[in-house]
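I opened the notebook to go through one protein model, contact by contact.

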Amino acid sequence: MDTITLNDLEVHYHVGVPEAERAHAQRLLLTVEIQHDFSRAAVSDDLRLTIDYYAVSRRLLSFGEGRSWRLIEKLAADIAAMVLADFGATAVTVEVKKFIIPEARHVSVRLS
């Protein structure tokens with residue numbers, strides 16, 4: 001299986017357990033590993049035979065519009081489901097990094 005990785009895509013989504021935390025969009029970093037057989041695209045050099053990572057990134061940048069999540073676990077699951085359904089990935093792994101604990105660089109959830 002081949003992998004395309006979008007590493008630390010910066011997005012701003014409404015996420016958090018307390019309502020006050022969800023009131024304002026906060027900075028998150030998303031890493032999305034998209035698995036699929038890219039051998040035909042590698043031979044043909046044809047974008048139609050791969051997963052367009054630019055299109056995935058644009059979708060992720062707008063994915064949070066009009067939505068909110070309490071848990072980053074649910075957010076990661078929703079992103080994974082969208083990439084599988086809308087982009088035809090064979091498998092996907094999503095990591096969501098949240099910057100909520102001042103003493104830690106970040107908190108993250110990784111879901112496959």
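**Entry 1: charges over rings**

I started with R27, whose charged end sits over the ring of F99, 4.6 Å from the ring centre. A reminder to myself before going on: this is a predicted model, and every value I note is computed from it.

I then looked up R67 and found its charged end over the ring of F63, 4.5 Å from the centre of that ring.

**Entry 2: the overall layout**

I stepped back to see the whole protein. I listed four helices and five strands. Reading from the N terminus, I wrote the order down as β-α-β-α-α-β-α-β-β.

I also looked up the extent of the model: the C-alpha atoms fill a box of roughly 50 × 30 × 20 Å along the principal axes. Of the 112 residues in the protein, 38% are buried.

**Entry 3: aromatic pairs**

How many aromatic pairs does a search of the whole structure find? I got three.

I took Y13 and W69 from the search. Their ring centres are 5.6 Å apart and their planes stand at 40 degrees, so I noted the pair as tilted. It links distant parts of the chain, as Y13 is in strand β1 and W69 in strand β3, 56 residues apart. Are Y13 and W69 buried or exposed? Both are buried.

I went on to F63 and W69. Here the ring centres are 5.9 Å apart with the planes at 15 degrees, so this pair goes down as stacked; the cut-off for stacking is an angle under 30 degrees. F63 is buried, with a relative accessible area of 8%, and W69 is buried with a value of 3%.

Putting these rings together, I wrote down one aromatic cluster formed by Y13, F63 and W69.

**Entry 4: salt bridges**

I ran the search over the whole structure and it returned eight salt bridges. I followed up a few of them.

K97 pairs with D8, and the closest N and O atoms are 3.0 Å apart. K97 belongs to strand β4 (residues 91-98) and D8 to strand β1 (residues 2-15), so this bridge ties together parts that are 89 residues apart in sequence.

R48 forms a salt bridge with D46, with 2.7 Å between the closest N and O atoms. R48 is exposed, at a relative accessible area of 73%.

R67 turned up again, this time meeting D78 in a salt bridge at 3.4 Å, N to O. R67 lies in the loop between α3 (53-62) and β3 (68-69), while D78 is in helix α4 (residues 72-87), so the bridge ties together parts that are eleven residues apart in sequence. R67 counts as partly exposed at 32% relative accessibility, and D78 counts as buried at 15%.

Which residues are linked with R67 and D78 in a network of salt bridges? I found K74 there, joining R67 and D78 in the network.

**Entry 5: two helices**

I turned to α3 and α4. Their axes come within 12 Å and cross at roughly 135 degrees. That angle makes α3 oblique to α4. I looked up the handedness as well, and α3 passes α4 in a right-handed crossing.

**Entry 6: backbone angles**

Last, I looked up positive phi values in residues other than glycine. D8 has one, at about 55 degrees. D8 is found in strand β1, and it is the residue that forms the salt bridge with K97.

D45 also has a positive phi, near 60 degrees, without being a glycine. Where does D45 lie? I placed D45 in the loop between α2 (39-44) and α3. At 74% relative accessibility, D45 counts as exposed.

Key: Residues numbered from 1 in each chain as written. Predicted model: local features only at pLDDT ≥ 70, side-chain atom pairs only at ≥ 80, totals over all residues. Heavy atoms only, no water. Salt bridge = Lys/Arg side-chain N within 4 Å of Asp/Glu carboxyl O. Buried < 20%, exposed > 50% of the residue type's maximum accessible area, 1.4 Å probe, protein only. Phe/Tyr/Trp six-rings, centres within 6.5 Å; stacked < 30°, edge-to-face > 60°. Lys NZ or Arg CZ within 6 Å of the ring centre and 35° of its normal. Axes fitted to C-alpha atoms, helices over the stretch in contact; angles between N-to-C directions. Parallel < 35°, antiparallel > 145°, perpendicular 65-115°, else oblique. Left-handed = near helix turned anticlockwise from the far one by under 90°.
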